[in-house]
Amino acid sequence: MAFVTPSEEILRKSTTDIENKFITKYMPELDPVAVKVYLYLVYICRNSPSLTMQDLCQALSVTEEDCANILKYLEEYELISVISMSPCEVKILDVENVSGAPKRYKPEKYSDFAKAAQGIITGRMIDTGEYQEYFSLIEEGFDQNALLMVITYCVDLKGPEIRKQYIIKVARNFEQDGDTTVRKVEDRLSNYSASTAALIKIFSAAGLRRQPDVSDDKFYKKWTAEMGFSDDAIICAARHFKAKSVERIDAAMEELYNNKKFAVKEIEDYCDNRSSIYSMTIDIAKSLGVYIQNCAPYVENYMNGWISSGYSRDSLLTISRYCFRCGMSSFDGMNDFIQTLYSAGIVSDGSVESYLEQLMQDDKLIKQILSICGISRRIVSQDRARLSAWREWSFPDEMILEAAKISVGKSNPIAYMNGILSGWKKDGIYKPADIPSSGPAPAASSSSGDDRRAEIERHYYNLRTSAELKAEQAQAKAKADPEYAALSRELTDLNIKLAFAELRSEQEAAQISGQISSAEAKADLRLKALGISKDSLTPHYSCSICNDTGYDSKGLPCACLKKFLGR
């Protein structure tokens with residue numbers, strides 16, 4: 001919707017003139033700034049409906065808060081109708097058809113108040129609009145003497161030239177809290193005076209260069225009466241958190257309260273450790289080659305979990321360097337790797353170092369295998385999985401290298417190696433001396449055998465690729481939907497949290513499990529709405545025994561391979 005729209009009567013007019021009745025009847029009563037705003041609204045309505053409230057504020061040099069108040073003020077005069085404030089929509093009403101008269105307060109009714117208010121605000125003249133705000137507060141139930149006390153407080157705090165917006169804001173704050181009588185205003189200001197000295201010390205520790213006001217007292221009461229912090233504890237937190245605003249001090253106190261840190265020593269230790277974690281996060285990001293602007297989300301989502309699981313700074317830095325070398329150069333990639341380590345019980349510095357050393361040795365062997373086979377590419381996770389499988393088949397590294405040498409020149413040497421090692425396993429050949437001099441298997445002894453092997457490799461490659469491509473396409477289609485993508489990310493985060501929660505508390509783990517079930521149900525419903533089968537997100541291989549590799553988990557030819565060979 002447009003910011004300003006005309007009524008039907010206005011649309012029928014073909015002029016941009018201002019009606020005389022507005023000039024003679026309303027303009028003398030209106031605040032000067034309100035007149036400017038009204039005239040600009042009419043201009044926007046007639047000539048530039050695409051302009052927004054922000055454009056009006058910029059053109060007239062008024063704040064959005066002041067503009068909002070003026071719009072309400074003009075609405076009281078029935079010159080406009082405010083349809084919505086967010087986004088702002090205003091309808092211009094026809095002056096000719098306005099039923100009400102200009103809103104007017106009888107001067108004699110508030111003359112004493114007006115004189116008293118002007119006697120307090122000596123640095124400037126109170127304009128009509130400001131008086132209208134005060135009179136409106138009084139009409140709504142604010143005691144006149146109580147309002148004068150609020151004005152006096154504001155002038156004492158800010159000086160005799162204080163802006164009207166500040167006084168109105170404070171008065172409205174009192175009104176919202178129900179402090180509109182002399183007794184309640186007096187009590188509130190008295191309590192504020194009692195906390196002023198403490199607030200000054202807190203502001204000084206935080207580096208805040210302003211005097212506390214009555215709105216700050218509400219925070220102070222929250223920190224002390226509700227949360228139970230002492231003044232020294234609040235000062236310590238303000239200094240350590242380098243909080244440059246009351247809101248940031250409040251956020252710091254919330255963090256300490258949630259972590260049950262109340263004493264000064266507890267806060268100091270917490271902040272020192274917090275600083276250390278932030279520094280560690282930056283170092284890990286550098287090791288991963290990742291630029292981070294704000295450490296907080298990385299500390300919350302990754303670092304705290306890793307540290308609570310027992311990983312030290314040295315171990316985490318070692319892991320991050322390994323992840324960078326292996327292409328897992330992100331916090332998500334490193335987190336997946338740490339979950340693998342944790343599942344295997346690899347947590348202590350020594351066990352992490354030994355495990356990573358073994359992985360690096362394995363990578364050297366894989367690079368040697370790829371080099372022998374004439375393959376030039378990075379190591380991928382499938383290479384490590386194959387090496388692990390070959391070792392589970394009881395083959396030493398020297399036999400794996402022998403298989404690589406025999407596979408040189410084949411169309412798919414790695415798959416050929418798999419076939420050779422499977423044949424050796426079947427024949428019980430586990431030493432280089434036992435390898436038949438005629439070759440590893442009859443199928444590899446002739447060019448026709450090579451052709452047959454290539455045919456088998458192409459057959460299974462096509463089967464695997466087709467199944468995986470369909471799953472990838474389904475996943476891409478699902479994740480193109482923002483709602484499902486958000487649920488998918490939420491499930492990933494929850495599963496990570498569950499892994500760490502299971503170590504800390506059964507109750508916490510059960511709670512997170514419930515959240516996972518709820519998120520999975522929402523994800524399933526969203527997939528259904530998108531017309532995507534959940535089953536389609538995972539590859540469906542033609543053979544569930546070998547997953548379209550031709551060999552089962554023991555390295556023996558699968559039944560589907562035998563069927564293919566006998567076709």
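Start by selecting F395: at 3% relative accessibility, this residue counts as buried. Keep in mind that you are looking at a predicted model.

The ring centres of F395 and W424 are 6.5 Å apart and the planes sit at 55°, so the pair is tilted. F395 belongs to the loop between α19 (381-392) and α20 (397-406), while W424 is in helix α21, so to speak a link between distant parts of the chain, 29 residues apart.

Next, show the whole of α21, residues 413-427. From first C-alpha to last, this 15-residue helix reaches 21 Å, close to the 21 Å expected at 1.5 Å a residue. Its buried residues include Y416, M417, I420 and L421.

For another aromatic stop, select Y153 and Y192. They form an edge-to-face pair, 5.6 Å centre to centre with 80° between the planes. Y153 lies in helix α8 (residues 144-158) and Y192 in helix α10 (residues 182-206), so the pair ties together parts 39 residues apart in sequence. Y153 is buried at 9% relative accessibility, and Y192 is buried at 7%. Then colour Y110, F113, Y131, Y134 and F135, which form one aromatic cluster.

Finish with helices α11 (residues 214-226) and α13 (residues 246-258), whose axes come within 11 Å and cross at roughly 10°. That angle makes α11 roughly parallel to α13. To see the contact, show D216, F219, K222 and W223 from α11 against V246, I249, D250, M253 and E254 from α13. These contact residues divide into 5 nonpolar, no polar and 4 charged.

Terms used
Residues numbered from 1 in each chain as written. Predicted model: local features only at pLDDT ≥ 70, side-chain atom pairs only at ≥ 80, totals over all residues. Heavy atoms only, no water. Axes fitted to C-alpha atoms, helices over the stretch in contact; angles between N-to-C directions. Helix = DSSP H or I, 4+ residues; strand = E, 2+ residues; numbered from the N terminus. Parallel < 35°, antiparallel > 145°, perpendicular 65-115°, else oblique. Contact = heavy atoms within 4.5 Å. Nonpolar A, V, L, I, M, F, W, Y, C, P; charged D, E, K, R; others polar. Expected span 1.5 Å × (residues − 1). Buried < 20%, exposed > 50% of the residue type's maximum accessible area, 1.4 Å probe, protein only. Phe/Tyr/Trp six-rings, centres within 6.5 Å; stacked < 30°, edge-to-face > 60°.
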